[in-house]
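Work through the exercises below with the model open. Try each task before reading its solution.

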Amino acid sequence: MSAIERAAQTLGLPRDGPSVSEEDVTPVAPAATVGIVAPARRRRMSLSRGRRLISPLVLLGIWQLTNAFKLISPEKLPPPSMVVTTASNLIFHPTPAFGSLQGAMAVSVQRFALGFALGAGVALLLALVAGLSRLGEATVDPLVQMIRTLPLFGLIPVFIVWFGIGSLPKILLVALGASVPLYLNTYSGIRSIDGRLFELSHVLKLNRRERLINVVIPGALPQALVGLRQSLGAAWLSLVVAEQINANAGLGFMINQAATFLRNDVIFVALTVYTLLGLLTDWIVRLLERRALAWRTDLVAQ
Amino acid sequence: MTALAEANAGTALVSVRNLSREFNGRRVLNGVDLTVAPGQIVALIGRSGSGKSTLLRVLAGLDHGATGEFDVPSRAGVAFQDARLLLWRRVRDNVALGLRGESRHEIAEAALAEVGLSDHLRAWPLTLSGGEAQRVSLARALVREPELLLLDEPFGALDALTRLAMHDLVLALWQRHRPAILLVTHDVDEALALADRVVLLADGRIAYEERVALPRPREREHPDLAQKRIRLLNELGVYQKGASL
């Protein structure tokens with residue numbers, strides 16, 4: 001019965017459809033069909049993933065050709081090959097003007113990691129407080145909603161006055177940028193948990209900790225992970241902006257220096273590194289998502 | 001009647017006295033008196049809105065707005081019409097939910113074996129059929145060896161065949177563990193198939209009661225049941241107009 005229902009689901013047939021009775025579907029047929037469907041879908045997926053690479057590669061090629069045909073000067077738009085060469089120079093032959101690429105990266109990554117950890121930690125804590133108690137909601141939510149409407153980058157001069165021009169104002173700006181989307185999504189994730197599950201935890205006499213671990217956190221997780229991705233994006237953006245104003249180290253400082261020395265190739269290197277770092281964190285979240293939401297994704301895979 | 005109730009009160013597992021519940025001035029329960037003896041199966045029937053689910057929710061501790069008195073054992077299990085599984089926990093972990101101690105997983109596995117789901121221990125709830133999910137829900141309610149099982153239309157969303165299979169399963173589990181069962185249902189046949197007493201709720205109070213002494217499992221077409229069915233349907237007001245039925 002259940003195997004047939006599941007097969008019907010896989011085949012996209014209505015569960016209680018009058019056309020599919022138990023006699024109509026022999027146990028062999030759905031099993032065989034499932035066996036064929038799965039690899040075909042996988043092949044189609046890898047094909048489409050391959051196809052998705054075409055347009056970016058064509059763009060890179062055109063970009064490279066603008067230089068080969070001398071359409072745009074490399075000072076304005078350095079071709080990809082030049083970006084790669086400059087990057088390797090910055091890694092292996094650091095100059096006093098720019099420092100080393102790995103050094104700048106280390107500073108920026110550290111700022112990002114500290115700021116993000118701080119912002120995410122505070123956001124999750126506040127979301128739990130606001131999501132789990134009416135008093136917490138009344139206390140925390142208005143404050144966060146106020147902060148949300150503050151223009152984040154308008155705070156930079158204030159932060160410089162308060163915290164100087166070192167890493168601290170950058171870290172705090174990253175923390176602020178990261179915290180708002182994560183808070184909003186986690187909070188709404190907690191609030192949208194089916195109330196009947198709280199009845200269940202009452203009936204099963206779950207204590208506070210058990211309810212948190214079994215109902216609240218996993219129930220809010222899908223929405224919280226959406227928030228995590230948004231918050232990573234906001235955090236990187238905050239870092240890029242904060243680092244370019246009054247920086248003395250890091251990728252943003254490298255960009256500032258390059259602008260002074262009219263070295264667009266160096267700017268492109270720094271931008272590429274930002275991009276790759278952003279892709280990396282996004283990829284990590286997607287891995288996390290696949291593991292944490294296996295109860296949904298396994299079903300799709302079946 | 002009161003004397004009888006008082007006599008019962010000593011041995012009763014569940015006793016409800018003068019229980020009322022209002023929603024916005026509308027009296028859903030209006031002075032309900034009910035006792036359930038240990039190991040007894042009581043079916044609560046009534047038309048929709050008769051307050052039967054409200055009564056069950058009050059006894060399950062999910063509704064705190066009622067007035068009156070009631071006693072229920074602290075070891076009570078509840079199964080709802082929706083199986084109410086945590087979709088992000090595997091079947092075995094759903095059943096082990098809230099159990100403490102080293103052997104919690106073994107206990108859950110034993111309960112799942114009893115409902116015939118030993119080969120689904122590591123399945124995700126979303127991959128189960130409606131009947132399977134409801135069996136998991138029963139296993140979860142039984143895993144604590146409750147003295148009282150509160151069932152709120154647990155088979156209402158199942159197809160007719162699965163429902164009959166679930167009746168057999170509930171009776172088998174009841175014979176092994178002997179909990180008292182309070183079953184809310186709108187299905188007269190279901191009530192007659194399972195219960196020692198069928199209690200009819202109307203206008204917020206107990207309007208009628210039918211005792212069924214036949215051994216279980218019961219023949220659906222048994223003449224005694226046919227009579228009781230007609231009386232219950234009459235009391236429910238079903239036959240008032242279509243008397244020729």
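This is a predicted model: local features need pLDDT of at least 70, side-chain atom pairs count only at pLDDT 80 or more, and totals for chains, interfaces and linings use all residues. Residues are numbered from 1 along each chain as its sequence is written, with chains lettered from A and ligands numbered from 1 in the order in which they are written.

**Exercise 1.** List what Ala130(A) is in contact with, leaving aside neighbours within four places in sequence.

*Solution.*
- Apply the contact test: C-beta atoms, placed from the backbone, lie within 7 Å.
- The partners of Ala130(A) beyond four places are Gly136(A), Glu137(A), Val140(A), Asp141(A) and Tyr187(A).
- Locate the residue: Ala130(A) sits in helix H4 (residues 101-132) of chain A. Helices are DSSP runs of H or I, at least four residues; strands are runs of E, at least two; both are numbered from the N terminus.
- Check burial. Buried means 20 or more other C-beta atoms within 10 Å, exposed 12 or fewer, partly exposed in between. Ala130(A) has 24 C-beta neighbours inside 10 Å, so it counts as buried.
- Take one C-alpha distance: Tyr183(A), 53 residues away in sequence, is 9.5 Å from Ala130(A) in space.

**Exercise 2.** Compare the end-to-end span of helix H9 (residues 208-244) of chain A with that of a straight helix.

*Solution.*
- Expected span is 1.5 Å times one less than the number of residues.
- For the 37 residues of H9(A), a straight helix would reach 54 Å.
- The end C-alpha atoms of H9(A) are only 46 Å apart.
- Look for a bend, the angle between axes fitted to the seven residues ending at a residue and the seven starting there. A kink of about 55° lies at Leu221(A), shortly before the proline Pro222(A).
- Step past the helix: just after H9(A), Asn246(A) has a positive phi of about 60°.

**Exercise 3.** Find the residues with the most contacts inside the largest nonpolar core.

*Solution.*
- A nonpolar core is a set of buried Ala, Val, Leu, Ile, Met, Phe, Trp, Tyr and Cys residues joined through C-beta atoms within 7 Å.
- The largest such core has 70 residues. Its most connected members are Ala43(B), Leu44(B), Val95(B), Leu150(B), Leu182(B), Leu183(B) and Val198(B).
- Helix H5 (residues 130-142) of chain B gives the largest share of this core, 6 residues.
- Apart from it lies another core, of 53 residues, including Val140(A) and Leu182(A).
- Beyond four places in sequence, the contacts of Leu182(B) include Val14(B), Leu44(B) and Leu150(B).

How values were computed: Contact = placed C-beta atoms within 7 Å.
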